[in-house]
Amino acid sequence: MSRLLVIGCGGVASVAIQKCCQNSEVFTDLCIASRTVSKCDALREKLAGKTTTNLTTAQVDAMDVPALTALIRAYQPDAVLNVALPYQDLAIMDACLSAGAHYIDTANYEAEDTDDPVWRAVYKKRCKELGFSAYFDYSWQWAYEEKFKKAGLTALLGSGFDPGVTSVFTAYARKHYFDEIHTIDILDCNGGDHGYPFATNFNPEINLREVSAPGSYWENGKWVEIPPMSIKREYEFPQVGKKDMYLLHHEEIESLAKNIPGVRRIRFFMTFGQSYLTHMKCLENVGMLSTTPVEYQGQQIVPIQFLKTLLPDPASLGPRTVGKTNIGCIFSGVKDGEKKTIYLYNVCDHQACYREVGSQAISYTTGVPAMIGAMLVANGRWQKPGVFNVEEFDPDPFMDALNRWGLPWTVEEHPETVE
Ligand SMILES: NC(=O)c1ccc[n+]([C@@H]2O[C@H](COP(=O)([O-])OP(=O)(O)OC[C@H]3O[C@@H](n4cnc5c(N)ncnc54)[C@H](OP(=O)(O)O)[C@@H]3O)[C@@H](O)[C@H]2O)c1
């Protein structure tokens, strides 16, 4: 019996909201608030008559903290689920603190204006101190720890799939399979085919920035950074088949390195087809991935934002995408003095997701855990004053909920490992 305010109404939000509406016993009231209110109204209409959750909508620019605070005060939700963009994380956390609501998100803070000199100075210092150069990191949100603690509120960070489920898998492996985990390889495989020469599966701006950045991994207490796409491996994914995968920097490496004692190496690999890589390299070479505004016919445009308007809307890929995703983690370590390796993964079918909620599996695999995180915070099972990553809570209720709400998982002992 709880009230949830959802910020954003894009691909991930659409799934999270539909799953909340399947779970009306917990989510009795839900307000969909986003910048473009027509999208919220369209989703509410689509759900009319199919749920007992009482749905309302609101227009809000989440960067406008006073306006968002007023909306939270007026609606009085138990929790706010942020499934807008990482640029809005801090503004939404500020509004939650002012109005007294718990906070949940799926991606860590990223600055929208990376040319801002104040942000750049902090960024450069962090690059030097920590040794990775991604534009996003947890320091901004972890800095809210005292404020959330004092306010008696919970901020749950990274409750998507990766980060999210992969981090809960880690907590589960640690609790039930290992005395100590030594290595974690997170493998994100999308075996889906949408038939376009080039499209991104979620917000193009966020996706392309992530993929075109240098890769990095955590080893023996420090970051090792490598040129983009310079470590490649091949892996035979259960139910998908053999795929090329590349080492990327990914945000959960940072929190797992902090929260999993004894871990010696953490790597993240994602699969890409050759067509995707060739297109991306070309776009990068001509400057289309740049976030620095350029002047065009008297107007300032940001190349990557212009590119977004040309690419297929990720939400439109659902009906066209066939095949499966396989996302999971290979853990190695020791249990009762014996060496041990396990592989914990979920397989998700694009067309099955489309039939259920009208979205492809990438939005589905993020939206379901976003709902589960919001449920565990709202029903009190994952409530603790402060700022937490998902691996800091008891993984069992989350793992049970994954099986119940559409993302069943498998544990394989003695799996093929990654060199
Ligand atoms: N952890 C994971 O596994 C994972 C995986 C994929 C994605 N994600 C994260 O999920 C989030 C959503 O991704 P998506 O693919 O759903 O993105 P999307 O389709 O682009 O949707 C973003 C939504 O946020 C709204 N929005 C943007 N700026 C806003 C503002 N200032 N105020 C209010 N609403 C605003 C947009 O409104 P408009 O309609 O007006 O543009 C849109 O409805 C992102 O943070 C992404 O990084 C996490």
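Student: Which residue is the bridge partner of Glu219 in β9?
Tutor: Lys222 is the partner of Glu219 there. Keep in mind that this is a predicted model.
Student: How many bridges join β8 to β9, and in which sense do the strands run?
Tutor: Five bridges, antiparallel. Strand β8 covers residues 215–219, and strand β9 covers residues 222–226.
Student: What sits in the turn of that hairpin?
Tutor: Two residues lie between β8 and β9. Asn220 is in the turn, with a positive phi of about 50 degrees.
Student: And β15 with β16, how many bridges there?
Tutor: 12 bridges, and the two strands run antiparallel. Lys324 stands opposite Asp349 of β16.
Student: Which residue in the turn between β15 and β16 has a positive phi?
Tutor: Asp336, at about 50 degrees. β15 and β16 form a hairpin with two residues between them. Asp336 is not a glycine. The loop that holds Asp336 runs between β15 (324–335) and β16 (338–349).
Student: Is Asp336 buried or exposed?
Tutor: Exposed, because Asp336 has 7 C-beta neighbours inside 10 Å. The cut-off for exposed is 12 or fewer.
Student: Which strand pairs with β16 over five bridges?
Tutor: Strand β18, residues 409–413, in the antiparallel sense. Within that pairing, Tyr345 has Thr410 of β18 as its bridge partner.
Student: Where does Gln297 lie?
Tutor: In the loop between β13 (294–296) and β14 (299–301). Gln297 is exposed, because it has 5 other C-beta atoms within 10 Å.
Student: Where is the cis peptide bond?
Tutor: The cis bond joins Asp162 and Pro163, with omega about 10 degrees. Pro163 belongs to the loop between β6 (154–157) and α8 (165–176).
Student: OK, domains. How is the chain divided?
Tutor: Into domain 1 (2–157) and domain 2 (165–358). Their centres, taken over C-alpha atoms, are separated by 22 Å. The contact takes 19 residues from domain 1 and 19 residues from domain 2.
Student: What gives the most to the side of domain 1 that touches domain 2?
Tutor: α1, with four residues. By class, that side of domain 1 has 10 nonpolar, seven polar and two charged residues.
Student: Now the largest nonpolar core. Which members touch the most others?
Tutor: Val6 and Ala16, out of 113 residues. Helix α14 (residues 361–378) gives the most to this core, with 12 residues. The core draws at least three residues from each of domain 1 and domain 2.
Student: What does Val6 touch, not counting residues up to four places away in sequence?
Tutor: Val6 touches Ala13, Ala16, Ile17, Leu30, Ile32, Ala33, Leu81 and Val83.
Student: Back to α14. Is Ser363 buried or exposed?
Tutor: Buried, because Ser363 has 26 C-beta neighbours inside 10 Å. Ser363 lies in helix α14. Leaving aside neighbours within four places in sequence, Ser363 is in contact with Gly11, Val12, Ser14, Val15 and Phe202.
Student: What separates Ser363 from Ala143?
Tutor: 29 Å between their C-alpha atoms, and 220 residues along the chain.
Student: Last one. Which residues of helix α9 are buried?
Tutor: Pro204, Glu205, Leu208, Glu210 and Val211, in a helix of residues 204–212. These buried residues of α9 pack against α11 (274–285) and α12 (303–310).

How values were computed:
Residues numbered from 1 in each chain as written. Predicted model: local features only at pLDDT ≥ 70, side-chain atom pairs only at ≥ 80, totals over all residues. Buried ≥ 20, exposed ≤ 12 C-beta atoms within 10 Å, placed from the backbone. Contact = placed C-beta atoms within 7 Å. Core = buried A, V, L, I, M, F, W, Y, C linked by C-beta atoms within 7 Å. Domains from an automatic or database assignment. Nonpolar A, V, L, I, M, F, W, Y, C, P; charged D, E, K, R; others polar. Pairing = 2+ DSSP bridges.
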